[in-house]
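Thanks for passing this one along.

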Amino acid sequence: MYNIPMTTAYTFVPSPGHEYPDHPERPGRLDELTPKLDSFSATRLESVPAKQEDIARVHLPRLISGLERVCREQAPGIIDYAPTYVAPTSYDDALLAAGATLVCARAVLNGEIDNAFAIVRPPGHHAEPDKAMGFCLFNNVAVAARDALAQGMERVLVVDYDAHHGNGTQAAFLNDERLAYLSTHQWGIYPGTGWFEDAPHARKRIVNVPLPAYAGDQAFARITDEIIQPMVEAFRPEMILVSAGFDAHWNDPITALGLSSAGFFQISKRLVELAAEHCGGKIVFVLEGGYQPVNVANGAGAVFSALAGKTQEFDAGDPSPRGEPEVDSRLEEVRRWHGF
Ligand SMILES: [Zn+2]
């Protein structure tokens with residue numbers, strides 16, 4: 001097979017006004033990545049704010065208007081126990097983050113580019129249809145998935161390798177047969193959802209892989225082969241969106257799922273290959289968490305390498321110092337539950 005060069009695009013929404021004292025979801029998360037953006041062989045697309053009707057494909061009107069009001073009239077402040085905060089610019093920042101994700105997804109759907117990476121904050125995957133939570137205001141990836149359906153796609157899959165369960169994406173997709181969701185996450189941490197039996201009515205479509213701390217690169221390679229690939233073959237998505245959370249790195253300050261940057265490359269590369277095999281190459285990565293700036297920069301480098309179709313290993317020289325726990329029985333439980 002030829003190694004055909006890919007045309008990759010990205011959007012960048014650093015939201016410098018969206019910050020709160022001592023909060024880990026801060027503009028500085030991107031400080032190591034920002035100076036490297038020009039070194040990736042990818043075209044930057046201009047970000048435009050999402051329209052309210054775009055957001056309303058996922059979120060209730062009362063959440064949208066409520067967030068606007070609280071940002072304009074009461075910010076800065078804390079809106080939940082995570083803690084999730086709002087600053088005076090946060091409503092506009094959240095519209096721009098969702099809009100930048102739409103710019104990437106629509107450019108891929110239109111065939112203007114092969115694939116893309118929306119590097120945005122605030123993140124989105126905890127935001128539920130009626131609730132902003134978990135450092136997330138609007139669910140960027142879910143808004144892009146519903147938009148893809150509105151543009152004529154029949155089935156869209158979101159794969160979420162953030163260290164946390166994307167409860168918001170799951171909630172938005174729960175009863176929509178056109179959308180599928182697969183999440184790998186550390187079990188026992190925020191938000192507490194994401195057990196493998198969460199959605200008995202949606203087997204093979206809502207797939208949760210709860211993992212022990214430090215599960216690591218080898219576990220993720222197995223999950224890709226033993227769970228993600230059969231799920232893709234069963235659901236037959238026309239496009240794959242990826243909630244890329246670099247808090248799954250072993251030295252993230254708030255979680256510990258044990259991946260190295262080489263592990264992020266491996267799973268990202270396999271997702272790009274699955275998109276090539278099943279979706280005409282249509283894949284868009286969207287930044288979620290990741291609270292150690294160097295991990296965000298290396299993780300983004302791994303994603304850009306995967307999107308460029310590079311087969312050479314991306315290795316930032318940061319292997320996990322921890323041994324990997326046994327995950328056989330958990331992967332077997334998940335496979336059996338779904339019939340993979
Ligand atoms: Zn996370």
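1. Leaving out residues up to four places away in sequence, I64 touches Q52, I55, A56 and H59; two residues are in contact here if their C-beta atoms, placed from the backbone, lie within 7 Å. I64 counts as buried because it has 21 C-beta neighbours inside 10 Å. The cut-offs are these: a residue is buried with 20 or more other C-beta atoms within 10 Å of its own, exposed with 12 or fewer, and partly exposed in between, the C-beta atoms being placed from the backbone. From I64 to F220, 156 residues apart along the chain, the C-alpha separation is 36 Å.

2. A word on what you are looking at. This is a predicted model, in which local features need pLDDT of at least 70 and side-chain atom pairs count only at pLDDT 80 or more, while totals for chains, interfaces and linings use all residues. Residues are numbered from 1 along each chain as its sequence is written.

3. I64 is part of helix 2 (residues 61-73). Helices (H or I, at least four residues) and strands (E, at least two) are DSSP runs, numbered from the N terminus. The 13 residues of helix 2 reach 18 Å from first C-alpha to last, close to the 18 Å expected at 1.5 Å a residue; the expected span is 1.5 Å times one less than the number of residues. L63, I64, L67 and C71 are the buried residues of helix 2. Seen down the helix axis, they fall within an arc of 100 degrees, so they line one face of helix 2; the arc is that of the directions from the helix axis to the C-beta atoms. On the other side, P61, R62, S65, R69 and E73 are exposed. The cover over the buried residues includes helix 1 (52-55), strand 4 (85-86) and helix 3.

4. Strand 1 (residues 8-13) deserves a look. Five of its six residues are buried, so I would call strand 1 mostly covered. Strand 1 runs parallel to strand 5, with six bridges joining them, and parallel to strand 2, with two bridges. A9 has a bridge partner in each: A116 in strand 5 and T43 in strand 2.

5. Which residues have the most contacts inside the largest nonpolar core? They are C104, A118, I240, L241, V284 and V286, in a core of 106 residues. Such a core is a set of buried Ala, Val, Leu, Ile, Met, Phe, Trp, Tyr and Cys residues joined through C-beta atoms within 7 Å. Helix 3 (residues 90-109) gives the most to this core, with 13 residues. Beyond its neighbours within four places in sequence, L241 is in contact with V141, A144, A145, V156, V158, V284 and V286.

6. Please also find R121, in the loop between strand 5 (115-120) and helix 4 (140-150). Is R121 buried or exposed? R121 is buried, with 28 other C-beta atoms within 10 Å. Residues up to four places away aside, R121 touches V13, P14, S15, H18, E25, A97 and L287.

7. Helix 7 (residues 261-278) has 18 residues and reaches 26 Å from first C-alpha to last, close to the 26 Å expected. Its buried residues include F264, F265, Q266 and K269. Among the elements covering them are strand 5, helix 6 (216-235) and strand 10 (283-287). G280, which follows helix 7, has a positive phi, near 60 degrees.

8. Finally, the chain overall. Its secondary structure comes to nine helices and ten strands. The radius of gyration is 18 Å, close to the 20 Å that the globule rule gives for 340 residues, so the chain is as compact as a globular protein of that length; the radius is taken over C-alpha atoms, and the rule is 2.2 Å times the number of residues to the power 0.38. Of the 340 residues, 53% count as buried.

How values were computed. Two strands pair if DSSP finds at least two bridges between them.
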